[in-house]
Amino acid sequence: MMQRYDYLKAIAKDAGDALAVCTGWAAREWWAVHPSDGNLKTRTLGLVSSIAAGLAIALPRRKVIAIDGDGAFLMNLCGLPTIALQRPGNLIHLLFDNEVYEASGGTATASRACDAVVLAQGAGYKRAVWVETPEEFRAEFTRAWKDNELSLIAVKVQPGQPANLPALKLDELENKYRFMRYLEATEQKTILSPGFDSKL
């Protein structure tokens, strides 16, 4: 069994200008393999899929990647039917299941007693699959990208990450504003409007 980093590295070159919503340690790994102001790190556990879905619905011409963990996924099961109902074809939902809450000390999750793919299928995802190798993972990722079909791609991974990863030198507040400014620049839309008088 491999680590999450091995799978993220396998798709980094295929992600282009996709927006990516991450949580936990996966954020540091994704920044290492795909640095971009289009990466957003969420602090609230469980909201990766919902935030990513909102972005995908609001920006239908933009690919959006949700980089989820099993603990976060299980905390937001109620979001799955809504995502499936909206069916944003530009959303690719990645699930890395290491069976622990890794970032908060390694407490076991309930993922060993359930099947995330079956849960997603039951919620209405038309495409939800388990993969076992980085090659299969990349093949499913590029298929979802090409077919523009809402997909959950799940894989069992070992806890841990490479020891030599660069530090993520920004907090969630700075990240949020960088991300929003990136959206404004790339989508040519005004999103943030502090309300200051431009003449002052």
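This is a predicted model: local features need pLDDT of at least 70, side-chain atom pairs count only at pLDDT 80 or more; totals for chains, interfaces and linings use all residues.

1. Since 7 of the 7 residues of strand 4 are buried, the strand is largely enclosed by the rest of the structure.

2. With strand 3 the pairing is parallel and runs over 6 bridges; here leucine 94 of strand 4 is the bridge partner of isoleucine 67.

3. Helix 1 (residues 4–11) has Arg4, Tyr5, Tyr7, Leu8 and Ile11 as its buried residues. They lie on the same side of helix 1, because the arc they cover around the axis is only 160°. In an α-helix there are 3.6 residues a turn, so residues three or four places apart point the same way. The buried residues of helix 1 pack against strand 3 (64–69), strand 4 (91–97) and strand 8 (151–156), as well as helix 2 (24–33) and helix 7 (134–147).

4. The structure holds 3 aromatic pairs. One of them is formed by tyrosine 7 and phenylalanine 137, in an edge-to-face arrangement with 5.5 Å centre to centre and 80° between the planes. This pair links distant parts of the chain, as tyrosine 7 belongs to helix 1 and phenylalanine 137 to helix 7, 130 residues apart. Tyrosine 7 counts as buried at 1% relative accessibility, and phenylalanine 137 counts as buried at 0%.

5. Phenylalanine 137 also pairs with phenylalanine 96; this pair is tilted, with 5.6 Å centre to centre and 50° between the planes. Again distant parts of the chain are linked: phenylalanine 96 is in strand 4 and phenylalanine 137 in helix 7, 41 residues apart. Both phenylalanine 96 and phenylalanine 137 are buried. Together, Tyr7, Phe96 and Phe137 form one aromatic cluster.

6. Threonine 23 is a residue of strand 1 (residues 19–23). Is threonine 23 buried or exposed? Its relative accessible area is 11%, and the cut-off for a buried residue is under 20%, so threonine 23 is buried. Apart from neighbours within four places in sequence, threonine 23 is in contact with Thr42, Leu45, Val48, Ile67 and Ala72. Among these, isoleucine 67 is the bridge partner of leucine 94 in strand 4.

Notes. Residues are numbered from 1 along each chain as its sequence is written. Side-chain values use heavy atoms; hydrogens and water are left out. Buried means under 20% relative accessible area, exposed over 50%, partly exposed in between (1.4 Å probe, protein chains only). Helices (H or I, at least four residues) and strands (E, at least two) are DSSP runs, numbered from the N terminus. The arc is that of the directions from the helix axis to the C-beta atoms. Contact means heavy atoms within 4.5 Å. Two strands pair if DSSP finds at least two bridges between them. Rings of Phe, Tyr and Trp (its six-membered ring) pair if their centres lie within 6.5 Å; planes under 30 degrees apart count as stacked, over 60 as edge-to-face and the rest as tilted.
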